[in-house]
Amino acid sequence: MNARRDQGDAFDAGRRNALRAAGSGLAVAFLWTAGMGPAVAQMSPRRQAADAAAAAADGNPAFAPNAFVRVDADGAVRLVMPAVEMGQAIYTGISMMLAEELGVGLDQIRVEHSPPSDALYGQPLLGGGQITGGSTSTRGQWQALREAGAVARETLVAAAAAQWHVDPTSCSVARGVITHVPSGRTLGFGAVAEAAGKLPQPATVTLKQRKDFMLIGKPMRRVDSPDKVNGGTQFGIDAKIPGMKVASVITSPELAGTLGKVDDAKARAIPGVVDVLRLDNAVAVVADNFWLAQRGLDALDIEWKHGVNANLDTETLIAALQESSRNGPALIGRKPKGEAAADGKLIEASYISPMLAHAPMEPLNATVHVTPGKCEIWTGTQVPTRCVAEAARICGIPAEGVVLNAAYLGGGFGRRLETDQVEQAVAFARQVGYPLKVIWSREEDIRHDRVRPLYFDRISATLGADGKPTSWKHRITSGTVLGRWAPGAMGKDGMDSDAIESAADLPYDMDNVLVEWVRHEMPPGLVVGWWRGVGPTHNLFVVESFVDELAHAAGKDPLEYRRSLMKPGSRALGVMNLAAEKIGWGGQPLPARVGRGIAVGSPFGSHVCAIVEAEVTEQGQVRLRKAVVAIDNGITINPSSVQAQMQGGLLFGLGAALYNGITLKNGAIEQSNFHDYRSLRINEVPELEVYSVESDEVPGGIGEVGTAIAAPALTNAIFAATGIRLRRLPVALAQLAASPDALKRVAAVGGEKEDVA
Amino acid sequence: MVTLRVNGEDRQVDVPPDMPLLWVLRDVIGLTGTKFGCGIAQCGACTVHLDNQPVRSCQLPVSAIGDRAITTIEAIGQTPEGAKVQQAWLAVDVVQCGYCQSGQIMAAAALLARVPNPTDRDIDTAMSGNICRCATYVRIREAIKQAATGQQHGLQVVVDGSAA
Amino acid sequence: MRRFLIIVVVLLAVGVGAYFFLNRTDPDDGTAPVLAGAPTNADPVARGEYLTTAADCVACHTSHDGGKPFAGGLAFKLPFGTIYSSNITPDKETGIGTWTDDEFVRAVREGIRKDGKHLYPAFPYTAYTQLSRADVLAIKAYLFSLPPVHQPEKPNELGFPFNQRWAMGFWNAAFFRSQRFQADASRSPEWNAGAYLGGPLGHCAECHTPRNFGFALKHGEALAGEVVQGWRAYNITSDPTHGIGKWSDEALTQYLRTGHAEGHASANGPMGEAIAYSLQHWKPEDTAALVTWLRTVPAREGDDPIVVDAAPKAMVASSAVAPGGDDGKADAEGLRLFEGACASCHQWNGAGQQTAYAALAGTRGVNDPKGANVTEAILEGVKMRIGDNDVYMPAFGHAYSDTEVAALANYVIRHFGGKQGEVTPADVAKRRAE
C-alpha cells in the first residue's frame, strides 16, 4: 500500500487519506511510515524461502504449500495460525477464511500456534512484524489467507487431476475430498498430498464471491471452545516442564527504583525454597511450587533504593501534562481548511483520561530454560519474534538459539504486546540451570503494568448561528506509546499517529478543524503501553463528549445534532441511525435520573455507535440499564464473534470508565488487585443488544471497537440523566457519590440540567 | 502427608497444612484447569467444588478440607449439571480467552445443582463473584438459562461447517 | 494587700506541694507474679523477649509502612493531634542506646524520658507503672539485644497547649499514680498472674476502658468498651449480654490464642494486631490465667451496649450460597456489592468458608448498628498471620465509594445482625480522613 506522506500543505490530506484507507488502529502508524528499514518479508499465500525450514521443523508434512496449510499423508489438515488467540476468536476467523477456500469443514481443521517468524507470519499492516494487535488480524489476513487456502486447494486438485488424467476444472472439493464430477471418482487430500507437494503452485487463483461463501458469514462455533470448557486449554501459566521450578517475583514498587540489600535467610530456611535470585530492580524466590515461592518472597527483608520517582504522584503528573499542553510544542495532526468565522459562540472544555491497567485474567508469566547457547521459552505473547530477539540479546546468543513455544493467552488487551515480563524471566532463568517458571502475582501484574497513557485534552469550538461548529480546535497532550514501541513508525515531524486517531479523522463534515498533539515525556520507569482500543479509546471519549456539549450549547437533541453534522449516506450515520432506531431514541419518556447517551465513531476500519441508558441514584451511584451497539465492520467473517466482541469490548470499556484509574504515590502504583482495581461483574451488566449493518466492504476490526466507544456513551448518558458533565474518568470515585455539589444536582434533577465540573 | 479426594480419586500429597488447595491442584497434583487469577478470592477463577459447593481454592488451606470431596473442572462434566452447563457453554459459545471459564462453569454447575431453573437474580447471586475480563457475561447468563431450560437463549452457533 | 499575697503564696505552696505529692514516685521495686512464659530463673534476655511480646511493644513501636520492628514512627491520631511512637532499638543517636537502667525504668513506669521531659500517656506508663523493676529491666535487656536501627523520630503534630510536654505534669497529678502491682492474697496465683498479664503488662484497659473528658481511664467503667482510632474495643466485662459473660472458657481461649472464637468473634484492626503480635505467642498457662482474671471483671453495661442477635431473620433464611429474607428494595445496593466481593468467603448464612475467620454470625461487629468495626474492616481489610496461616481480607476502601461502603455496611448489619444500620456516607468519609 502506498501511504507515504506527501510534503508541504498536502501532508495533512495525505495523512487523512491514509487514515481513511486503512481504517485505523496500530496499523495506521505503520502504514504511513516510510523508511522503517529494509523491506520486510511478510505472510504470503505461496511458498517462500523461509517456508522450507519451517516445514522441516514441522517434520516435513506431505503437503506444505505455504506457511499456514499442512496436509499430512493421513489426510489430517493442520492450520498454522499467523495471529495469536487471546479471546478475540481469530483462530476461528482465520480457520473460516482458509477452510472456505481450501474446501474442508471447520471441524476437520486442527489449529496450531505458529513458531516465531516475521518472514512467514508478519502482519502486513504492522510493518511485517509477527504481531497480533490493533485489531488488524482479520483486516491484514483477509486476502492472504483465503488465497493461501485457494492455492492449497488448486494444487491438491491439480495432483488428483493428474493422477486421473482429467481436466482439473472438472473436479470439485468438499470436506477434504476431491471429486471428479463426471466419473464420480474421489480422492482424499491425504492421498494426493505427497504428489501435490511436488507440483508448481498456481500463479493466480480466483477467490470466491461473497454470495458463494459456505462458511464465512455463518455464526460458527469457535475452534477453541471445547477445550476451554473442560480445563484442557494450555495457557502459558500451565506449562509443565520436567525439572521445572517456580519463581515469584517482586520488582521495586517505586517505578525505576532499584534493589538494595536483601536478607534472604528466612526465605531460604523454608523447606522447598530453592534459590533467591536478584536483578538490578527485582528479586525472585524460586521454589518447588508457586505458593512456596510466594511464602519465600514474603519472608525476604528487602531494602529498595529510591530512584527519580520517589516524589512522583498522579496530580503532579497531571499538572506537568497541563503545563506541556500550555507550552507545547504542538505538532499538527490536521490542519484547518478555510477561515474560521469571525464570531460565534465559543465553547471550551478540558478533559483528563486516566492511566489504565490491563489486568488480563491470566497473570503475566513465562517459563524459560537457558542452557549453553540455547534458550527455550514457553509463554503466551502477542509478539513472539520480539520475545525471541530480547531473549537472544539477554543471553548473548543468536536468535536461532532461541526456541519459543507459544501458548493460548489468558487475555491480552495489549499487555502481551510487551516483552518486559519475558525479559525478566529470561534474566532470572539464565542464572540457574533448570527450567524456571516465573509468575507475576496479580499485585505485580498491576503494579508493573505498562499502563494506558494519561491524557490531558483541551478542546474548543465556535458555533455559528445554526448551532453548528464553524471551527474546532483539539489539543491532545500525552506520552507516546508508539514512540517507544516502534520509533521508526513515528511521523517525520515526530507525530504519533496513535495519539490522534479518531480525533483527526472525525465522522463529522467539518472543514475548519485543527488537531494537535503535544508530546509529554513520561518519567523514567512509567512506561506507557497499548491498551485495548488504543488512541481511539481516549479520543472518542473527548470528541464524543464534546460533541454532546456542543449539542447542549446549541439547544439540540444529541442525535439530531450529530445527524446534522454527518454526510448523508455515510457508514457512521448508518450505524447511528440503526442504534437510535433499535433503542427507540426519543420515544417514551425516561424515568427521573435516567438518561441515554450516544457516541459514534469509525475506529479500526469499522463504524460503530453505542447508546447507553444509565440511571444515577440519589446517592450518586451509576447503574447501567441498557445498551445498544450498532456495528458496520464490512464483510463479517463470523457474526457470533462480532457479537461477542461488541458485547465484551463494550463492557470492558464501560467497566474501565466506571471504576478504573491507575494512580501513583511516591512513584509507586497504588492499585494492586481486583479489590482496588475493580472489574465489572455480571450483576452490573445491562441489557445489551448488538446489531450489524450488512455490508460488502472489506472487513474492519472488531476487537477494540466496542471498548473505544464505551466511555463517551456512558458519560453522555450521565449528563442526560443529571445535567452533570464528567470530564474526567473514572466516573465512580469522587465525582458523583462523593461530591456534595453533584449530589445536590442529582437530587434536583427534573429542573434545569446544567453544565458543571 | 494429607489425603485429598480429588475427582473421585484419593491423592496423597506431602504439603504444608496452610498451602492453598489451588497450588496443590496445579503444582503438586498437576491439574491445571483450575486457574490462578487474583489469590484473594475476588475473581473466582480458582473455583472448585467441595462436596458440591463452590469454594475459592486460592484461599482454602488444604488442612481445612478434611474428607470433603473435591471436584475440579476436569471432572465436572461427569455430573449431570456440569455436563449440561458445558453443553450450553458450547451452544452459545460463551468463551473468549477462556481463562476464567473453569471457574465460571464450576459456579454455574453448582447453581444449577441447587436451583434447577434459576432467575436472573439467582444467576447474579451465584455468578457475581466470578470476574471475566473479556466480559462474556451476556452469554454466561444465556448459557445458564439454556442449560437450565433446554430452550435456546441468544445466538446459537453452528458446529460443523461443511464447506463446498 | 499583704494578706492577699499571703493567701496567694500559701495557695501556691499548697499547689506546688500537691503537685509534687501527686507526682511522687512509688519507690518500691515491685514484685511480679510468676508467669509461665517468663520464669524467674530464665535468662533475662529470653524473659525480656516474652515480656516484650506480652506487652506488645512492637505493635506501637513499628511503623506500618514497612518500618523496622521497634524503630517507631507509627502515627497515633488523637482528638488533639498526631503523635508518633519512638525508636526503642538500642541505636545510640535515634534510639535508646545510651539510656541507663534507671532512665529506662523511669520512662516505662513514670512516663519521663531520659531528658526529663514528660511522655504522653499514649505510651501506657499508666499501666506499666505497676511492672516490677526486674521485669522492666528484662525488657530492656531484650531490646538492647536487638540490632540498632538508625531512624530519627518523627516530630509530633500537636497544637498549643497540647504540645507543652511540661503540662503533662498536671495531667499526671490529676490522673496518674505511680504504684507497683499488689498481689491479692485472697486470689489464686493464677488469677494474680492473669491480673498482671491483663493489667500492667497487656494493658487491656488502654483500649477497652472508656475514657473521661481528660482522656484518662474511667476506672469505674473498667473494660466496658471504648472506641479507639475508629475501631470499637468491645465490652470485655463479665456482663452476659453486653460483655463476654456468656462465652465459654474454651471460646475465650480460642479467641485469645487465634483471634477467632466460633460463633462469637474474629479479631481485626488493633485487636487483630494484639493477637498476631502478642497474644498468640503466650504460653497456654498464661492465656488460661488471663481468662481466669477476665472472668472476674465486674459486669458493666457500658455506654453503647451491643446486643447480639444470634439468629436474625434474613441470615436464618439464607443458605451458605444463597440469600433469603432480605428486603429486595432497601437491601438491593448492599446485596449487590456483597454478592460480588464478599459472599464467596463470608457466605450468606454467616458461616464463612475458606477460613473460619470469615464467619460473621453472632459477632458483635455485625450487631453494632453504628457499624464501627464492619466499616473499618471494609475500608482497611484484615491482614495478619496466626500460627501457620495468613488471615486476609482485602481493603476495599480504595475503589468503593462512601455510598457503597455505607450501603454494604448497613446491609451486613441488617442481614447478619438483624438491625437497622446507621452508617452514612458521611461517616465513611470521616473514617477515611481519620
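In this predicted model, 64 residues of chain A are in contact with 54 residues of chain B. Four helices of chain A, namely α4, α8 (225-228), α10 (290-298) and α20 (639-659), each give at least two residues to the side that touches chain B. The largest share of that side, eight residues, comes from α20(A). Sorted by class, the side of chain A that touches chain B holds 30 nonpolar, 21 polar and 13 charged residues.

**Confidence in chain A**

- The average pLDDT of chain A is 92, and 93% of the residues score at least 70.
- Over residues 26-39 of chain A the pLDDT stays under 50, and the model has 43 contacts beyond four places in sequence for this stretch.
- Residues 751-757 of chain A also have a pLDDT below 50, with 13 contacts in the model beyond near neighbours in sequence.

**Sheet β1-β2-β3 of chain A**

- Three strands of chain A, in the order β1-β2-β3, make up an open sheet with mixed pairing.
- Strands β1 (69-71) and β3 (109-113) of chain A are at the edges with a single partner strand each, so one side of each has no neighbour in the sheet.
- On average, neighbouring strands of this sheet are turned by 25° against each other, direction ignored.
- Strand β2 (residues 77-81) of chain A pairs with β3(A) in the parallel sense over five bridges.
- Within β3(A), H113(A) is the bridge partner of M81(A).
- Helix α4 (residues 90-102) of chain A packs on the sheet and touches β1, β2 and β3 of chain A. The direction of α4(A) makes about 135° with that of β2(A).

**Strand β23 of chain A and its partners**

- Strand β23 (residues 622-632) of chain A is mostly covered, with eight of its 11 residues buried.
- On one hand, β23(A) pairs with strand β22 (residues 607-616) of chain A in the antiparallel sense, over 10 bridges.
- On the other, β23(A) runs parallel to strand β26 (residues 687-692) of chain A and is joined to β26(A) by six bridges.
- K626(A) in β23(A) is the bridge partner of E613(A), and K626(A) also has E687(A) in β26(A) as a bridge partner.
- The hairpin of β22(A) and β23(A) has five residues between the strands, and G620(A) in this hairpin takes a positive phi near 85°.

- Strands β9 (residues 273-278) and β10 (residues 282-287) of chain A pair in the antiparallel sense over five bridges.
- Opposite V273(A) stands A287(A), in β10(A).

**Helix α5 of chain B**

- The buried residues in helix α5 (residues 120-127) of chain B are I123(B), D124(B), T125(B), A126(B) and M127(B).
- The cover over the buried residues of α5(B) includes α4 (101-114) and α6 (137-149) of chain B. Chain C takes part as well, with α14 (332-341) included in that cover.

**Backbone exceptions**

- Most residues other than glycine have a negative phi, and most peptide bonds are trans.
- F604(A) is not a glycine, yet its phi is positive, near 60°. The residue F604(A) lies in the loop between β21 (594-601) and β22 of chain A.
- Is F604(A) buried or exposed? F604(A) has 32 other C-beta atoms within 10 Å, so it is buried.
- N52(B), also not a glycine, has a positive phi of about 70°. The loop between β3 (47-50) and β4 (53-56) of chain B holds N52(B).
- With 14 other C-beta atoms within 10 Å, N52(B) is partly exposed.
- The peptide bond from L729(A) to P730(A) is cis, with omega near 0°. P730(A) is placed in the loop between α21 (705-722) and α22 (740-747) of chain A.
- In chain C, the peptide bond from F160(C) to P161(C) is cis, with omega near 5°. P161(C) is found in the loop between β3 (157-158) and α7 (168-175) of chain C.

Methods: Residues are numbered from 1 along each chain as its sequence is written. Chains are lettered from A and ligands numbered from 1 in the order in which they are written. This is a predicted model: local features need pLDDT of at least 70, side-chain atom pairs count only at pLDDT 80 or more; totals for chains, interfaces and linings use all residues. A residue is buried if 20 or more other C-beta atoms lie within 10 Å of its own, exposed if 12 or fewer, and partly exposed in between; C-beta atoms are placed from the backbone. Two residues are in contact if their C-beta atoms, placed from the backbone, lie within 7 Å. Two strands pair if DSSP finds at least two bridges between them. Axes are lines fitted to C-alpha atoms, for helices over the stretch in contact, and angles run from 0 to 180 degrees between N-to-C directions. Ala, Val, Leu, Ile, Met, Phe, Trp, Tyr, Cys and Pro count as nonpolar, Asp, Glu, Lys and Arg as charged, and the others, Gly among them, as polar. pLDDT is the predictor's confidence in each residue, from 0 to 100.
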